[in-house]
Amino acid sequence: MSKNNTSKTYQDKAKAAANKPAAFGDDIDLNKYTNEVGKYKYQPDPSALPRETKEIMLGAGIMLDDPGQRTGTYLQIDNMPIHHSTTQEGIEVMALSQAIGKYNWLPDYIWKAQAVDADKYTANVELYESDGYFIRALPGQKSVFPVQACLYMAQSKVIQNVHNVIIAEEGSELHIITGCAAGTRDEPGLHIGVSEFFIKKGAKVTFTMIHTWNPEIGVRPRTTTIVEEGGLFLSNYLLMKPVNNLQMYPTAKCVGEKSTVRFNSILVAGKGTNLDVGSRVFLNARESRTEIISRAITVGGNITARGYIEGNAPDIKGHLECRGLILGETGTMYAIPELKGSLPGIDLSHEAAVGKIAEEEVEYLMARGLTKDEATAAIVRGFLRVDIEGLPEQLSSELRKAVEASEKEVM
């Protein structure tokens with residue numbers, strides 16, 4: 001089948017799924033938003049962006065005034081790429097549309113991990129010829145500093161359609177920070193982001209995503225990762241700012257022996273927020289491993305925390321841990337851990353806990369000189385600070401700063 005015919009097939013599948021609701025989460029009426037957005041000029045020097053815009057991006061881990069701490073940068077406003085650059089040989093960062101023009105093999109990757117007809121959100125990305133970032137590490141290359149990518153919503157009542165492709169070639173190593181943010185303060189909008197990761201033999205990808213939206217934004221990420229023999233995918237997700245509605249269920253498939261996937265999530269839901277968030281891993285190769293760790297706090301919002309591990313090969317091991325904390329008198333928390341094994345000799349486990357701060361913990365700290373508010377804050381701070389094994393120090397620092405900046409808002 002030719003590439004033109006393949007493209008037509010994806011368009012046909014997307015049209016058939018244009019009204020297909022997602023399996024989980026609230027349904028969003030796409031007709032309330034527009035796919036037509038304004039045009040933006042390319043910015044050869046991203047530090048020249050307005051100060052307020054850079055401050056919002058910095059809150060999502062994107063550094064534009066100190067590019068020496070980044071291997072590469074990609075910026076997209078609404079649906080238009082406005083900057084892409086790289087400072088290290090062997091690490092490629094560009095718009096997906098540019099990469100398609102450069103590499104005739106790239107269409108073989110597009111929609112190969114994530115199904116185009118999964119729901120109406122993936123369909124919308126295909127139907128409106130969406131752009132996004134292409135990040136690739138050539139064989140054996142290792143990024144010295146993180147690559148950063150910012151997906152920024154500037155207009156209200158629009159759909160930001162994004163399609164990203166990340167390829168870590170054999171033996172390579174990539175560290176990526178994606179910051180998603182909204183420039184509007186209280187205006188509605190919808191972000192749909194499709195990301196397809198391909199982790200080749202012996203490659204490693206550390207992916208840290210920080211969301212800084214506004215209370216009226218709807219968010220629908222759609223992510224699938226393919227991990228080959230000896231590969232490692234480490235995903236960290238942080239949401240501590242208000243958002244209207246978020247539903248995501250990133251999926252990873254271990255298809256090579258001794259491949260490993262780790263998901264770590266830190267979530268905070270304020271009043272009026274609905275979160276349906278989880279991670280799903282299929283262990284389809286011998287001696288593949290996974291760990292899914294979730295920390296969630298509600299201060300008046302609703303959280304559904306999902307986790308799913310399926311073991312389909314010998315000698316696999318997986319662990320799922322979900323802990324939820326309810327602060328205040330309102331808010332709901334659902335923890336839904338699921339395990340599925342299809343043959344003997346596998347090792348899968350899970351633990352889940354939901355509750356309020358134990359009064360005896362607060363009293364213990366108060367007996368040592370803290371006020372009640374200080375004791376509560378210390379407990380929350382410890383709850384949120386998850387020790388993430390294998391995270392590079394620069395990414396650990398970015399996560400710590402983001403958590404610390406948000407702790408006062410949580411309390």
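Analyst: Phe 233 has a relative accessible area of 1%, so this residue is buried. The term buried stands for a relative accessible area under 20%, exposed for over 50%, and partly exposed for values in between, with a 1.4 Å probe and protein chains only. Phe 197 has a value of 0% and is therefore buried as well.

The model is predicted: local features need pLDDT of at least 70, side-chain atom pairs count only at pLDDT 80 or more, and totals for chains, interfaces and linings use all residues. Residues are numbered from 1 along each chain as its sequence is written, and side-chain values use heavy atoms, with hydrogens and water left out.

Two quantities describe a pair of aromatic rings: the distance of the centres and the angle of the planes. Rings of Phe, Tyr and Trp (for Trp, the six-membered ring) pair if their centres lie within 6.5 Å; planes under 30 degrees apart are stacked, over 60 edge-to-face, and the rest tilted. By this rule the structure contains 10 aromatic pairs.

One of these joins Phe 197 and Phe 207, whose ring centres are 4.9 Å apart with planes at 70°, so the pair is edge-to-face. The two residues, 10 apart, come from distant parts of the chain: Phe 197 belongs to strand β8 (residues 189–199) and Phe 207 to strand β9 (residues 204–212). Strands (E, at least two residues), like helices (H or I, at least four), are DSSP runs numbered from the N terminus. Phe 197 and Phe 207 are both buried.

Phe 197 also pairs with Phe 233: the centres are 5.0 Å apart and the planes meet at 55°, so this pair is tilted. Here, too, distant parts of the chain are linked, since Phe 197 lies in β8 and Phe 233 in strand β11 (residues 232–239), 36 residues apart. Phe 197 thus takes part in an edge-to-face pair with Phe 207 and in a tilted pair with Phe 233.

Elsewhere, ring pairs connect Tyr 103, Trp 105, Tyr 109, Phe 134 and Phe 198 into a cluster. A charge sits over a ring if NZ of Lys or CZ of Arg is within 6 Å of the ring centre and within 35 degrees of the ring normal. Tyr 121 provides another case, with the charged end of Arg 220 over its ring, 5.5 Å from the centre.
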